[in-house]
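Me: I have a model open here and would like to talk through how its parts pack together. Could you go through it with me?

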Amino acid sequence: MDKGPFSVEWLAQSSRGGARELPGESRPEGSPEGSPLLTPPSLPAESPREREAAERPGHGAGPAGAAPGRPRTKFSAAQLRELERSFREQRYIGAGEKRRLAAVLNLSQSQIKTWFQNRRMKFKRQTQDAR
């Protein structure tokens, strides 16, 4: 089995200060085995998760300097109407309603759950500001 640049063995050795050199890496001339490398192992340009997120409709690139991770979901007007209607009926969504909304709106259950959490926080801020 071919061991990649971040195999368990490589990481274990690197944490003990005895990391092996990888192809494309070099140490300063005359430096001991445990000394830092001149060039760190290279990472793939784009992970499969990032490629998948970029291909998914309704997702755009985030603002420059944003935290890495999933791009922000841009909900359509129809999706927002249905989510708001459901929120007016009940602020806390049950498992059945979450599954139904996810199917109807073509969103994941995780996106529905997160939208409700964010909407409850918005509602809380609005009610506090009104006092």
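Me: Which handedness does the crossing of α3 and α4 have?
Reply: This is a predicted model, and in it the crossing of α3 and α4 is right-handed. By class, the contact of α3 with α4 has three nonpolar, two polar and four charged residues.

Me: And how do the axes of those two run, at what angle do they cross?
Reply: The axes of helix α3, which covers residues 77-89, and helix α4, which covers residues 95-105, come within 11 Å and cross at roughly 165 degrees. An angle over 145 degrees counts as roughly antiparallel, and α3 and α4 are therefore roughly antiparallel to each other.

Me: Which residues in α3 and α4 meet?
Reply: On the α3 side they are Q79, E82, L83, R85 and S86, and these meet E97, R100, L101 and L105 in α4.

Me: What share of the residues is buried?
Reply: Of the 131 residues in the protein chain, buried ones make up 21%. As for contacts, among those with a separation of 6 or more, 29% are between residues 24 or more positions apart.

Me: Back to the helices, then. How do α3 and α5 cross?
Reply: The axes of α3 and α5 come within 11 Å and cross at roughly 65 degrees, and this crossing is right-handed. The contact is made by L80, L83, E84, S86 and F87 of α3 together with I112, W115, F116, R119, R120 and F123 of α5. By class, the contact of α3 with α5 has seven nonpolar, one polar and three charged residues.

Me: I see some rings in there. How many aromatic pairs does the count come to?
Reply: The count comes to four aromatic pairs. One of them joins F87 and W115, whose ring centres are 6.2 Å apart and whose planes stand at 85 degrees, so the pair is edge-to-face. This pair links distant parts of the chain, with F87 in helix α3 and W115 in helix α5 (residues 109-130), 28 residues apart.

Me: Are F87 and W115 buried or exposed?
Reply: Both F87 and W115 are buried.

Me: What about F87 and F116, what kind of aromatic pair do they form?
Reply: F87 and F116 form a tilted pair, with 6.0 Å from centre to centre and 55 degrees between the planes. F87 lies in helix α3 and F116 in helix α5, so the pair ties together parts that are 29 residues apart in sequence. F87 is buried, and F116 is buried as well.

Me: Which residues form the aromatic cluster?
Reply: F87, W115, F116 and F123 form one aromatic cluster. F123 and the other two α5 members, W115 and F116, are also among the residues of α5 in the contact with α3.

Me: Let's do the remaining pair, α4 and α5. At what angle do their axes cross?
Reply: The axes of α4 and α5 come within 8 Å and cross at roughly 110 degrees. Angles of 65 to 115 degrees count as roughly perpendicular, and α4 and α5 are therefore roughly perpendicular to each other. Their crossing is right-handed.

Me: Which residues in α4 and α5 meet?
Reply: K98, R99, L101, A102 and L105 in α4 meet Q109, I112, K113 and F116 in α5. The residues of this contact divide into five nonpolar, one polar and three charged.

Me: Now the loop between α4 and α5. Is N106 buried or exposed there?
Reply: N106, which is found in the loop between α4 and α5, is exposed, with a relative accessible area of 69%. The phi of N106 is near 60 degrees, a positive value in a residue other than glycine.

Me: And L107, buried or exposed?
Reply: L107 has its place in the loop between α4 and α5, and at 12% relative accessibility L107 counts as buried.

Me: What is L107 in contact with, leaving aside its neighbours within four places in sequence?
Reply: With those neighbours left aside, L107 is in contact with F75, Q79, A102 and I112. L107 and F75 are 32 residues apart in sequence and 9.3 Å apart in space, taken from C-alpha to C-alpha.

Definitions and conventions. Residues numbered from 1 in each chain as written. Predicted model: local features only at pLDDT ≥ 70, side-chain atom pairs only at ≥ 80, totals over all residues. Heavy atoms only, no water. Axes fitted to C-alpha atoms, helices over the stretch in contact; angles between N-to-C directions. Helix = DSSP H or I, 4+ residues; strand = E, 2+ residues; numbered from the N terminus. Parallel < 35°, antiparallel > 145°, perpendicular 65-115°, else oblique. Left-handed = near helix turned anticlockwise from the far one by under 90°. Contact = heavy atoms within 4.5 Å. Nonpolar A, V, L, I, M, F, W, Y, C, P; charged D, E, K, R; others polar. Phe/Tyr/Trp six-rings, centres within 6.5 Å; stacked < 30°, edge-to-face > 60°. Buried < 20%, exposed > 50% of the residue type's maximum accessible area, 1.4 Å probe, protein only.
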